[in-house]
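Here are my notes on the model you sent over.

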Amino acid sequence: MEKTQNRIAVLISGQPRYIDSCSSSIKEYFSLEGFKFDYFIHSWANCYSPPAHHHGEDVVRTQDFDKKYIEKKIIDVYQPKNIIVEDEKENKRLKEDMRSISKLNGGKKTTSNDFTLGLTYSLQKSFSLVKNEIKNYQMVKNIKILEILV
């Protein structure tokens with residue numbers, strides 16, 4: 001039977017940005033003698049930022065990646081205990097929730113709701129990855145946004 005003492009679950013969620021520039025500091029932060037850190041990660045295969053006003057125009061920054069590439073990149077860097085990578089644009093549950101929010105908002109589509117809902121969904125999915133193993137950990141620590149540079 002595996003010893004459960006001194007184990008910490010690290011939950012990472014969000015859009016894929018800046019893995020090469022931030023993963024070393026995340027891994028350094030979660031390295032402490034006498035503790036084992038297991039990563040549970042939910043990430044999107046695309047990046048989306050709410051519109052920013054730039055030179056008189058609203059600019060939306062989006063970037064799509066190959067789902068398998070993002071998954072492999074995350075596994076290579078973090079060796080997660082569990083991982084889900086989804087396409088945010090094609091996620092049916094997320095689309096249904098956005099439509100419901102739009103109806104509640106008088107039919108108006110607001111990009112901030114889309115952005116926030118994606119963050120919340122990803123956070124919830126990262127918690128679901130550790131749910132069945134929670135008894136094996138002394139602590140669960142969440143990192144809200146996974147940032148990956150590819």
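1. Start with the backbone oxygen of G14, which lies 3.4 Å from a polar atom of the S43 side chain. Keep in mind while you look that this is a predicted model. S43 is found in strand β2, residues 36-44. Is S43 buried or exposed? With a relative accessibility of 0%, S43 counts as buried, because the cut-off for that label is under 20%.

2. Stay on G14 and switch to its backbone nitrogen. A polar atom of the S122 side chain sits 2.8 Å from that nitrogen. So the G14 backbone has a serine side chain by its oxygen, from S43, and another by its nitrogen, from S122, and both serines are buried because their relative accessible areas are 0%.

3. You'll find S122 in helix α4, which covers residues 111-130. Which residues does S122 touch, leaving aside those up to four places away in sequence? The answer is S13, G14, H42 and W44. For placing these, strand β1 spans residues 7-14 and strand β2 spans residues 36-44.

4. Now go to the other end of β1, where you'll find R7. R7 is an arginine that counts as buried, because its relative accessible area is 3% and the limit is under 20%. What does the R7 side chain make a polar contact with? Its partner is the side chain of D38, at 2.7 Å. Look at F35 while you are there: R7 and F35 are 28 residues apart along the chain, yet their C-alpha atoms are separated by 5.7 Å.

5. Back in helix α4, check F127. F127 is partly exposed, because its relative accessible area of 39% falls between the 20% and 50% cut-offs. Not counting residues up to four places away in sequence, F127 touches L11, V140 and N142.

6. Next, a helix pair. Helix α1 (residues 19-29) and helix α2 (residues 67-78) have axes that come within 11 Å and cross at roughly 35 degrees. The crossing is right-handed. On the α1 side, the contact is made by I19, D20, S23, I26 and K27, while α2 brings K73, I74, V77 and Y78. Sorted by class, that contact has five nonpolar, one polar and three charged residues.

7. Stepping back to the whole chain, how many helices and strands are there? There are four helices and six strands. Read from the N terminus, the order of elements is β-α-β-β-β-α-β-α-α-β.

8. Some whole-chain totals to finish. The chain has 150 residues, and 38% of them are buried. Its exposed surface comes to about 9,400 Å², with carbon and sulfur atoms supplying 52% of that. Of the contacts between residues at least 6 apart in sequence, 78% join residues at least 24 apart.

Notes. Residues numbered from 1 in each chain as written. Predicted model: local features only at pLDDT ≥ 70, side-chain atom pairs only at ≥ 80, totals over all residues. Heavy atoms only, no water. Axes fitted to C-alpha atoms, helices over the stretch in contact; angles between N-to-C directions. Helix = DSSP H or I, 4+ residues; strand = E, 2+ residues; numbered from the N terminus. Left-handed = near helix turned anticlockwise from the far one by under 90°. Contact = heavy atoms within 4.5 Å. Nonpolar A, V, L, I, M, F, W, Y, C, P; charged D, E, K, R; others polar. Buried < 20%, exposed > 50% of the residue type's maximum accessible area, 1.4 Å probe, protein only. Polar contact = N/O pair within 3.5 Å; in protein donor to acceptor, adjacent residues only side chain to side chain. Areas by Shrake-Rupley, 256 points an atom, 1.4 Å probe, with all protein chains shown as cover.
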